[in-house]
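User: Hi! I'd like to talk through a model with you before I set anything up. Could you take a look with me?

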Amino acid sequence: VQLQASGGGLVQPGGSLRLSCAASGMIFSIKNMGWYRQAPGKQRELVATISADGSTNYADSVKGRFTISRDNAKKTLYLQMNSLKPEDTAVYYCRQEVRIPHMTEFSQYWGQGTEVTVSS
């Protein structure tokens, strides 16, 4: 199983970006998904999560600005980021809990990270 994150880049304050995280490989089902970020010199932190039934959870710092969503048919996770601020600058990582065929348990997989820079 591999996760490919994309969509990062340089954007001005107040701008928008949409991140994607596509899973590939032998996948039977995907349960919870999430986005995390790590700013320079800081620990990785939770940004948002979405469960299999579509329930979402957001860090207080991004509520009202970011929207997490998923397309189960495409095995893809999204993060729509609006009203971006310089403090949103970080490497964004995706995580998916995946069950592969012939296994009964879910395992956690991480994408390689996509860099978001918010600067004028």
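Predicted model: local features only at pLDDT ≥ 70, side-chain atom pairs only at ≥ 80, totals over all residues.

User: OK, and which residue forms a salt bridge with Arg-37 at 2.7 Å?
Analyst: That is Glu-45; 2.7 Å is the distance between the closest N and O atoms of the pair. Glu-45 itself is partly exposed, at 37% relative accessibility.

User: What about Asp-88, how far apart are N and O in the salt bridge with Arg-37?
Analyst: The N to O distance there is 3.0 Å. Arg-37 sits in strand β4 and Asp-88 in the loop between β8 and β9, so this pair ties together parts that are 51 residues apart in sequence. Asp-88 has 0% relative accessibility, so Asp-88 counts as buried.

User: Which residues are linked in that network of salt bridges?
Analyst: The network links Arg-37, Glu-45, Arg-65 and Asp-88.

User: And how many salt bridges does the count come to?
Analyst: Five. One of them joins Glu-97 and Arg-95, with the closest N and O atoms 2.8 Å apart. Both of these residues are buried.

User: Switching to packing: how many residues does the largest nonpolar core have?
Analyst: It has 29 residues, and Trp-35, Leu-79, Met-81 and Tyr-92 are those with the most contacts inside it. The elements giving two or more residues to this core include β1 (2-6), β3 (17-24), β4 (29-38) and β9 (90-99).

User: Nice. What is Tyr-92 in contact with, leaving aside its neighbours within four places in sequence?
Analyst: Quite a list! Among the contacts of Tyr-92 are Trp-35, Leu-79 and Met-81, along with Leu-19, Val-47, Phe-66 and Val-116. Arg-37 is on that list too, the residue we began with.

User: Now the backbone. Which residue has a positive phi of about 50 degrees although it is not a glycine?
Analyst: That's Ser-83, which is placed in the loop between β8 and β9. Ser-83 is partly exposed, at 40% relative accessibility.

User: And what is phi of His-102 near?
Analyst: Phi of His-102 is near 75 degrees, again a positive value in a residue other than glycine. You'll find His-102 in the loop between β9 and β10 (107-110).

User: Is His-102 buried or exposed?
Analyst: Exposed, with a relative accessibility of 85%.

Note on methods. Residues numbered from 1 in each chain as written. Heavy atoms only, no water. Core = buried A, V, L, I, M, F, W, Y, C linked by side-chain atoms within 4.5 Å. Buried < 20%, exposed > 50% of the residue type's maximum accessible area, 1.4 Å probe, protein only. Helix = DSSP H or I, 4+ residues; strand = E, 2+ residues; numbered from the N terminus. Contact = heavy atoms within 4.5 Å. Salt bridge = Lys/Arg side-chain N within 4 Å of Asp/Glu carboxyl O.
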